[in-house]
Amino acid sequence: MINAKVIGLRGVELGVRDLHQSTAFYRHVWGLEPVAGQGDTLHLRGNGAEHHVVTLRERPTASLLGVHFAAADQAAVKALHAKAKSFGATVLSDPADLPGEAGGGFGFSFRSLEGHVLNVSSGVARHPNVVNDRSKPIKLSHVVLNAGRIGDEMAFFIDLLGFKLSDSTEMMEFIRCSADHHSIALSRAEGPSLNHMAYEMSNIDGLMRGAGRLKQSGFNVEWGLGRHGPGDNVFTYFVEPNGFVTEYTTEVQQVDEIDFEPHDAAYWTAFPMRPCRWGMAGHPSNRLKAAFAGDLSVADPSDGKRCEEIMAKTLGR
């Protein structure tokens with residue numbers, strides 16, 4: 001029987017205004033490592049097995065270009081493609097072999113009902129080696145997407161891609177495609193954009209070391225340190241040079257499919273110590289709130305230049 005669903009989150013694809021400055025941030029400040037690229041494109045890996053967790057493509061304006069998911073095999077990819085067509089989704093490409101520089105594999109692309117570009121693939125190359133540095137992200141933990149028709153969008157992910165509902169709040173719907181509490185969350189908004197992307201750290205010490213590196217590099221913690229309600233994960237949030245929200249997270253709740261029960265918005269509204277279980281994170285900065293809503297004008301041009309200086313110093317130039 002074909003397992004026609006996605007089984008994990010691979011990575012995110014971003015349009016960035018300056019590839020050199022963005023590379024400097026994601027490599028020397030955020031802690032990722034370039035693995036392949038050419039021209040206006042660069043793929044960067046985390047400290048885990050996934051071939052890459054971020055693809056940067058230089059574009060006139062910054063934007064979310066796509067989210068990538070894993071499927072079990074080619075049969076699952078083909079079955080999901082057929083389902084996408086039957087759902088009336090806008091299919092951008094048919095199942096085919098993927099470029100070797102991006103890890104190869106077999107996959108296709110399509111749009112969600114809101115217009116987010118989604119990619120499904122199988123057989124992508126994986127890394128056998130990791131670096132003994134807990135301050136580096138392991139993987140892309142989750143992506144939060146803003147959506148105007150959140151009910152329709154959630155049904156699309158559940159019915160087409162096989163996601164399951166984990167929790168609902170007044171603001172978000174948390175859905176999963178693996179043991180992680182959520183790989184995608186959908187945030188109520190006026191329309192489609194990237195709310196934020198979260199990268200998993202090995203433990204709290206690693207998260208704090210990474211957050212310390214960000215602060216030493218001139219990036220303020222815009223929210224955190226804290227522990228969320230839904231997902232029970234520890235968090236710190238930053239705004240990167242393009243205006244995207246990036247999060248370090250760890251200890252994401254692992255879902256036991258036998259015993260787990262989703263909670264509704266009323267449960268989380270009554271939950272003590274909101275929005276942080278520890279009662280210490282406070283609330284997001286105004287800058288972060290704007291970035292959550294997809295307002296990339298919060299980007300600070302000096303951030304990219306400072307990252308270039310850090311890269312030059314690190315490389316001994």
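## A friendly tour of rings, cores and strands

A count of aromatic ring pairs in this structure comes to 21. In one of these pairs, the rings of Phe-69 and Phe-157 are edge-to-face, because their planes stand at 75°, with the ring centres 6.5 Å apart. Keep in mind as you look around that this is a predicted model. The points below cover the rings, the nonpolar cores, the sheet with its helices, and a few backbone details.

**Aromatic rings**

- The Phe-69 and Phe-157 pair brings together distant parts of the chain: Phe-69 belongs to strand S5 (residues 63–71) and Phe-157 to helix H3, 88 residues apart.
- Phe-69 is buried, with a relative accessible area of 0%, and Phe-157 is buried with a value of 0% too.
- Trp-268 and Phe-271 form a tilted pair, because their ring planes are at 50°, with centres 4.9 Å apart. Trp-268 and Phe-271 are both buried.
- Ring pairs also build a cluster out of Phe-25, Tyr-26, Trp-30, Tyr-199, Phe-219, Phe-238 and Tyr-248.
- One member of that cluster, Phe-219, has a charged neighbour: the charged end of Arg-306 sits over the ring, 5.1 Å from its centre.

**Nonpolar cores**

- The largest nonpolar core holds 60 residues, and among those with the most contacts inside it are Tyr-26, Phe-157, Leu-161 and Tyr-199.
- Helix H3 (residues 150–161) contributes six residues, the most to this core.
- Which residues does Leu-161 touch, leaving aside those up to four places away in sequence? They are Lys-5, Val-6, Leu-80, Phe-110, Leu-118, Val-120 and Phe-156.
- There is also a second, separate core of 11 residues, including Val-245, Cys-276, Leu-288 and Ala-291.

**The sheet and its helices**

- Eight strands form an open sheet with mixed pairing, in the order S10-S11-S12-S9-S13-S16-S15-S14.
- Strand S10 (164–168) and S14 are the edge strands, and each pairs on one side only.
- From one strand to the next, the twist averages 20°.
- Within the sheet, strand S13 (residues 193–200) and strand S16 (residues 245–250) run parallel and are joined by four bridges. Ala-198, for example, has Glu-247 in S16 as its bridge partner.
- H3 lies across strand S9 (139–147), S10, strand S11 (172–176) and strand S12 (184–188), and runs at about 165° to S12.
- Helix H4 (residues 204–216) lies across S14, S15 and S16, at about 150° to S16.

**Backbone details to look for**

- Gly-224 and Leu-225 are joined by a cis peptide bond, with omega about 0°. Leu-225 is in strand S14 (residues 223–227).
- Another cis peptide bond runs from Arg-274 to Pro-275, with omega near 0°. Pro-275 lies in the loop between helix H5 (265–269) and helix H6 (286–292).
- Met-273 is found in the loop between H5 and H6. Its phi is near 60°, a positive value in a residue other than glycine.
- Is Met-273 buried or partly exposed? Met-273 counts as partly exposed, because its relative accessibility is 46%.
- Asp-232 is not a glycine, yet it has a positive phi of about 60°. Asp-232 sits in the loop between S14 and strand S15 (234–239), and is partly exposed, with a relative accessible area of 26%.

Technical notes: Residues numbered from 1 in each chain as written. Predicted model: local features only at pLDDT ≥ 70, side-chain atom pairs only at ≥ 80, totals over all residues. Heavy atoms only, no water. Core = buried A, V, L, I, M, F, W, Y, C linked by side-chain atoms within 4.5 Å. Buried < 20%, exposed > 50% of the residue type's maximum accessible area, 1.4 Å probe, protein only. Helix = DSSP H or I, 4+ residues; strand = E, 2+ residues; numbered from the N terminus. Contact = heavy atoms within 4.5 Å. Phe/Tyr/Trp six-rings, centres within 6.5 Å; stacked < 30°, edge-to-face > 60°. Lys NZ or Arg CZ within 6 Å of the ring centre and 35° of its normal. Pairing = 2+ DSSP bridges. Axes fitted to C-alpha atoms, helices over the stretch in contact; angles between N-to-C directions.
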